[in-house]
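Please have your viewer ready.

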Amino acid sequence: MDSLSGAEPRRAHGRLGAASPGSQAAAAPWARFSAWLECVCVVTFDLELGQALELVYPSDFRLTDKEKNSICYLSFPDSHSGCLGDTQFSFRIRQCGGHRSPWHAEDWRYNSGAPVSLQREPAHYFGYVYFRQVKDSSVKRGYFQKALVLVSRLPFVRLFQALLGLVAPEYFDRLAPCLEAVCSEIDQWPAPTPGQTLNLPVMGVVLQVRIPSRVDKPEHSPPRQCSHESLLPAPVVLASVHELDLFRCFQPVLTHVQTLWELMLLGEPLLVLAPSPAVASDMVLALISCLQPLRFCCDYRPYFTIHDSEFKEFTTRTQAPPNVVLGVTNPFFIKTLQHWPHILRVGEPKMSGDLPKQVKLKKPSRLKTLDTKPGLYTAYSAHLHRDKALLKRLLKGLQKKRPWDTQTALLRRHLLELTHSFVIPLEHYMASLMPLKKSIMPWKTPPQIRPFRQEDFLRSLEHAGPQLTCILKGDWLGLYRRFFKSPHFDGWYRQRHKEMAHKLEALHLEAICEAQNIETWMKDKSEVEVVDLVLKLREKLAQAQGHQLPVKEATLQRAQLYIETAIGSLPKDLQAVLCPP
């Protein structure tokens with residue numbers, strides 16, 4: 001059943017599947033395909049084996065045995081879901097070692113321009129699933145059960161769901177030849193480039209998408225068809241590659257959105273129990289998106305089962321619950337994880353014109369293993385007061401039958417402004433730790449970034465706190481104090497400190513290149529000092545050329561000229577050491 005054997009990791013360098021003759025993949029096999037997807041899997045139900053991997057495209061993409069098992073179990077809803085017909089959902093699994101394909105070395109091209117929350121996953125795979133279960137008398141079990149899975153390191157849930165909506169129904173009818181053709185078409189797509197609007201042809205349809213950029217302003221407009229292109233047929237324009245319908249996902253928890261936002265901000269463990277993988281995975285992904293533009297630095301699994309290889313790790317009681325958000329459908333988890341501090345139980349979403357019944361805040365002691373009613377079971381008390389005006393606007397929108405995308409935009413803007421109001425004081429304080437440009441001297445080691453002192457920051461909130469941009473009242477100081485202990489503060493601080501260190505190196509390189517003539521500086525310097533300068537300049541130049549430093553091209557050229565001049569002033573034997581033949 002399984003088209004792969006052994007556990008050899010990743011992709012070989014031979015021919016991968018059936019690319020058409022003359023394909024550009026000859027030079028870099030399946031490089032364009034790999035820019036979007038790792039592989040495409042088909043999972044079926046075998047009477048003897050259970051869930052089994054039927055095939056993988058490209059055919060020699062290597063998955064470890066653990067990855068195969070995870071994909072098989074997570075591609076089928078468990079028996080508690082009772083999903084008949086077609087359903088779409090997503091999962092996320094840990095990569096299990098192995099070397100990367102050459103394409104992955106080029107991740108920086110995409111990551112350097114993408115928002116931090118949409119960068120390629122370095123250690124996890126996303127699985128986007130289209131599962132079909134229908135009655136079929138020709139099958140021994142009486143049911144046709146099969147799943148088509150797109151495996152990617154990109155969090156483009158909206159794009160890949162749309163792609164599956166086109167491909168999967170056709171594949172379930174025509175099987176392998178259709179899938180092979182689709183993979184070849186994807187191998188012709190342009191690479192995902194932040195800030196660009198791309199046309200992606202597949203199965204006679206053109207999907208038009210805009211890849212978000214880190215310089216985008218909030219609430220950028222969806223892609224528009226380029227006037228100079230006459231595409232036939234007219235493209236299907238996707239408003240976003242990654243954003244879910246937030247209002248639909250959060251319908252039953254609207255009264256607790258801010259509490260959930262705080263739990264996400266603080267990286268708290270949260271179990272989401274839902275009636276189906278679709279509801280569970282959408283709720284988890286919606287919760288994760290609450291923090292944008294912040295990167296979510298904790299682990300999360302949109303859909304998780306008892307068969308997952310990390311089941312024991314996440315359910316152990318010998319240590320504190322891990323910082324992870326789990327989406328599950330099996331009520332067994334309520335018993336297994338009843339020691340977790342926060343459990344959200346939701347029912348089937350209602351698409352009627354009225355606001356569905358809101359889940360209630362309940363004490364964890366009210367949890368019942370077998371018959372747990374919908375609710376947010378937690379002892380957590382929110383630091384910020386609830387925004388009643390937002391709830392009124394959303395209710396009014398329902399009464400006036402306002403379009404759902406407008407309701408989602410309202411909710412998303414509220415969460416974005418809330419996150420911005422929280423982060424802006426942190427950004428301002430962090431920027432104040434950067435040495436002044438005038439203190440950076442060309443021939444001296446650049447000054448250090450000053451340390452982040454939490455108490456100094458908290459004192460600064462009195463005149464430069466979130467109250468300047470947010471009307472919400474509450475214990476902001478208490479929220480910041482808890483945030484300092486969370487993985488998200490550590491992740492944010494490390495990223496900002498790294499960016500500032502690179503900026504400092506760039507300013508130092510510019511100071512050297514804009515300083516007096518290098519010949520004048522070298523007149524009274526020893527050979528050791530000149531060699532030291534050459535080595536330091538080379539190191540900075542290597543960093544800059546690796547796109548790690550924000551430096552102008554003219555500065556790079558001047559630095560190279562300085563290196564050549566300095567080496568030329570040294571004795572021949574030293575020149576030979578610094579510039580070996």
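The phi of Lys 401 is near 55°, a positive value in a residue other than glycine. Lys 401 is exposed, with 69% relative accessible area; buried means under 20%, exposed over 50%, and partly exposed in between (1.4 Å probe, protein chains only).

A word on the source: this is a predicted model, in which local features need pLDDT of at least 70 and side-chain atom pairs count only at pLDDT 80 or more, while totals for chains, interfaces and linings use all residues. Residues are numbered from 1 along each chain as its sequence is written, and side-chain values use heavy atoms, with hydrogens and water left out.

Most residues other than glycine have a negative phi, and most peptide bonds are trans. Met 203, not a glycine, also has a positive phi, of about 50°. Met 203 belongs to the loop between strand E8 (197–202) and strand E9 (205–210), and with 28% relative accessibility it counts as partly exposed.

There are cis peptide bonds to look at as well. One joins Tyr 57 and Pro 58, with omega about -15°, and Pro 58 is placed in the loop between strand E3 (50–57) and strand E4 (61–62). Another joins Gln 292 and Pro 293, with omega about 10°; here Pro 293 falls in the loop between H8 and strand E12 (299–301).

**A contact across the chain**

Where is Gln 95 found? Gln 95 is in the loop between E5 and H3, and at 11% relative accessibility it is buried. Its C-alpha atom is separated by 5.0 Å from that of His 124, 29 residues apart along the chain. A polar atom of the Gln 95 side chain lies 3.3 Å from the backbone oxygen of His 124.

**Cysteines**

A disulfide is a covalent bond between the sulfur atoms of two cysteines. With the cut-off used here (a pair of cysteine sulfur atoms within 2.5 Å), a search of the whole structure finds zero disulfides. For Cys 290, the nearest cysteine sulfur is that of Cys 249, 10.0 Å away. Cys 290 is buried, with a relative accessible area of 1%. For Cys 298, the nearest cysteine sulfur is that of Cys 297, 6.9 Å away. Cys 298 is buried too, with a relative accessible area of 8%.

H8 has 13 residues and reaches 18 Å from its first C-alpha to its last, close to the 18 Å expected at 1.5 Å a residue (the expected span is 1.5 Å times one less than the number of residues). Of its 13 residues, 13 are buried.

Rolling a probe the size of a water molecule over the atoms shows where empty space is left. On a 1 Å grid over the protein atoms alone, a cavity is a set of points where a 1.4 Å probe fits but cannot get out, and a pocket is an open set with protein on both sides within 12 Å along at least five of seven lines; lining residues have an atom within 4 Å of a point. Grid points are joined across faces, edges and corners, and a volume is the space filled by probe spheres set on the points.

The structure holds four cavities of 30 Å³ or more.

| Space | Volume | Element giving the most lining residues |
|---|---|---|
| Second largest pocket | About 1300 Å³ | H15, five residues |
| Largest cavity | About 90 Å³ | H11, three residues |
| Second largest cavity | About 80 Å³ | H8, three residues |

Of the 48 residues lining the second largest pocket, the closest to its centre are Asn 111, Val 116, Gln 119, Arg 120 and Arg 295. Elements that give this pocket two or more residues include strand E5 (85–94), helix H8 (277–289) and helix H15 (487–514).

The lining of the largest cavity includes Leu 254, Arg 386, Asp 387 and His 414. Helix H7 (257–265), helix H11 (388–399) and helix H12 (404–432) each give two or more residues to it.

Around the second largest cavity, the lining includes Cys 249, Val 279, Asp 282 and Met 283. Helix H6 (246–250) and H8 each supply at least two of its lining residues.

Key. Helix = DSSP H or I, 4+ residues; strand = E, 2+ residues; numbered from the N terminus. Polar contact = N/O pair within 3.5 Å; in protein donor to acceptor, adjacent residues only side chain to side chain.
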